[in-house]
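This report goes through a protein and its ligand one region at a time. Please keep the sequence and the structure in view while reading.

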Amino acid sequence: MRALVIERYGAPEEVLRLVEMPAPQPGPGEVRVRMRLSPVNPSDFNTIRGGYQQGLERAIWNRGGGPLHFDPGRTRPLGALPVSPGADGMGVVESAGSGWYARRLVGRRVIVMGAPSGNWREQVVLPAMQAMPVPDGVSDEQAAMFLVNPMTAWAMVTQVLKVPRGAWLLQSGGASQLARMVIRLGRRRGFRTISLVRRAGVAAELERLGADAVVDASREDVIARVAGLTGNAGVRHGLDCVGADTLATMVRCLAPGAHLLCYGTLGGDMLHFPVRDLMLPAARIEGFLLPQWIAGRGLAARLHAARTVGKLIAQGTLASEVGTVYPMVEYAEALRESLGPARGGKVLLSFS
Ligand SMILES: NC(=O)c1ccc[n+]([C@@H]2O[C@H](COP(=O)([O-])OP(=O)(O)OC[C@H]3O[C@@H](n4cnc5c(N)ncnc54)[C@H](OP(=O)(O)O)[C@@H]3O)[C@@H](O)[C@H]2O)c1
């Protein structure tokens, strides 16, 4: 089978390679999935460039050497190299090791959740419990993008920030697929969104989705616009995936007691702002990472989340716009397009 792998971290065009390798065999309780589709997400670039590895090396619980883990309990290791990128994706279960549940999945379309190998491969082996049957009414394309963005948008807005009706939410990266989901969630749940973007042309598109205000942060005075929209009160809820100066500006827009989540570093991962900007409104900045959030939920809460997100995808609220679908051999072009500005939807890799 063919796989896209990295043997070292670095620039995508230098380290990502298409290789031939033996088909993986499912062990007890595992299934083998024939992959169909996987999107190219910003997190895949973090995997390729070593962003997770560098962050985990700095984590206090990883002091002292040994394999890097996402948790102090050392139950969730960072995948060892060589590894494939691809955190999202779907395919069809083609074989199973032992186990009633694993065998029951054979022939079914599944969402592949957290395969240790990564998903940019023709065949992936993972525990059957991590292969979630695709809910009825969800297409292959939407199933391939089920986990990373829809679950994150839903969890941040409804479970962590718990944005109430009528409140303002300020978000950066406003043209991203995830931010579009937040806009549609706002329309559905009755909260108002201010979306920061970096190009003028996208405002009308976002307004059609239900955005209350779109601010071109590359040209406009963000703080003045937020002040105008909120009657100088500021916002009580924020979502930032850009970081750096954008986050520093967003902090200046916070109302007393505000709660802002940092969930991406598209513009850089260093932060510099006057601490008093945070003290004066006694605001809270908190990090959010989906695997950490999922790991902190029990089985019932995870099932509830998966069911709710599945319904919201089928209804369109948490759907992703589908961009160009590239066969896996054209991965270089797929990565180039997904890094460029103003793509028409999420770029996908096809493995069949
Ligand atoms: N923490 C988590 O668990 C988690 C989970 C899911 C996603 N995320 C994060 O969510 C963010 C959005 O993901 P996505 O898949 O929805 O993105 P996407 O659809 O691939 O779009 C990326 C967006 O980011 C904008 N962008 C790129 N570089 C930028 C920069 N330097 N400054 C300002 N804007 C920039 C692009 O603007 P243009 O449209 O103008 O090109 C585009 O709208 C990413 O940061 C991703 O890592 C985090």
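## A proline in a loop

Pro 82 sits in the loop that runs between helix H3 (51-58) and strand S4 (90-96). The peptide bond that leads from Leu 81 into Pro 82 is cis, and its omega is near -5°. The model shown here is predicted, and every value in this report is computed from that model.

## The two domains

How is the protein divided? The domain assignment gives domain 1 (2-145 + 320-350) and domain 2 (161-292). Domain 1 is therefore written as two stretches of the chain, while domain 2 is written as one, in bounds that come from an automatic or database assignment. Between the centres of domain 1 and domain 2, taken over C-alpha atoms, there are 29 Å. Eleven residues from domain 1 and twelve residues from domain 2 take part in the contact.

## The shell around the ligand

There are 24 residues around the ligand, and those that come nearest are Asn 149, Leu 178, Arg 199, Leu 290 and Lys 346. Sorted by class, the shell has 13 nonpolar residues, seven polar residues and four charged residues. Both domains contribute: domain 1 and domain 2 each give the shell at least three residues.

Which helices each supply at least two residues of the shell? They are helix H6 (147-160) and helix H7 (177-189). The largest share of the shell comes from H6, with three residues.

## Polar atoms at the ligand

For Lys 346, a polar side-chain atom is 2.5 Å from a ligand oxygen. For Leu 290, the atom is a backbone N or O, and the distance to a ligand oxygen is 2.7 Å. For Arg 198, an N or O atom of the side chain is 2.9 Å from an oxygen atom of the ligand. On its own the ligand has 940 Å² of accessible area, and the protein covers 87% of that.

Is Arg 180 buried or exposed? Its relative accessibility is 4%, so Arg 180 counts as buried, the cut-off being under 20%.

Setting aside neighbours within four places in sequence, Arg 180 is in contact with Gly 174, Ala 175, Val 202, Glu 205, Leu 206, Leu 209 and Glu 321.

## Arg 32 and its surroundings

Arg 32 is part of strand S3 (residues 30-39). With a relative accessible area of 13%, Arg 32 is buried, because this value is under 20%. The side chain of Arg 32 makes a polar contact of 2.8 Å with the side chain of Glu 94.

Glu 94 is also among the residues that Arg 32 touches when those up to four places away in sequence are not counted; others include Ala 23, Gln 25, Val 92 and Gln 123. Arg 32 and Pro 127 are 95 residues apart along the chain, yet their C-alpha atoms are separated by 8.9 Å.

## Both ends of helix H9

The N-terminal end of helix H9 (residues 222-229) is capped by Asp 221, which has a side-chain oxygen 3.2 Å from the backbone nitrogen of Ile 223. After H9 comes Gly 231, with a positive phi near 60°.

Thr 230 is in the loop between H9 and strand S11 (235-240). Thr 230 is buried, because its relative accessible area of 12% is under 20%. A polar atom of the Thr 230 side chain lies 2.9 Å from the backbone nitrogen of Gly 234. Leaving out residues up to four places away in sequence, Thr 230 touches Trp 168, Ile 194 and Val 235.

Ala 244 is not a glycine, but its phi is positive, near 50°. Ala 244 belongs to helix H10 (residues 244-251).

Ala 282 is not a glycine either, and it has a positive phi of about 45°. The place of Ala 282 is the loop between helix H11 (276-279) and strand S13 (284-287). Is Ala 282 buried or exposed? Ala 282 is exposed, because its relative accessible area of 59% is over 50%.

Definitions and conventions:
Residues are numbered from 1 along each chain as its sequence is written. This is a predicted model: local features need pLDDT of at least 70, side-chain atom pairs count only at pLDDT 80 or more; totals for chains, interfaces and linings use all residues. Side-chain values use heavy atoms; hydrogens and water are left out. A residue is near a molecule or strand if one of its heavy atoms lies within 4 Å of it. A polar contact is a pair of N or O atoms within 3.5 Å; within protein, one must be able to donate a hydrogen and the other to accept it, and residues adjacent in sequence count only if both atoms are side-chain atoms. Accessible areas come from the Shrake-Rupley method with a 1.4 Å probe; for residues, only the protein chains shown count as cover. Helices (H or I, at least four residues) and strands (E, at least two) are DSSP runs, numbered from the N terminus. Ala, Val, Leu, Ile, Met, Phe, Trp, Tyr, Cys and Pro count as nonpolar, Asp, Glu, Lys and Arg as charged, and the others, Gly among them, as polar. Buried means under 20% relative accessible area, exposed over 50%, partly exposed in between (1.4 Å probe, protein chains only). Contact means heavy atoms within 4.5 Å.
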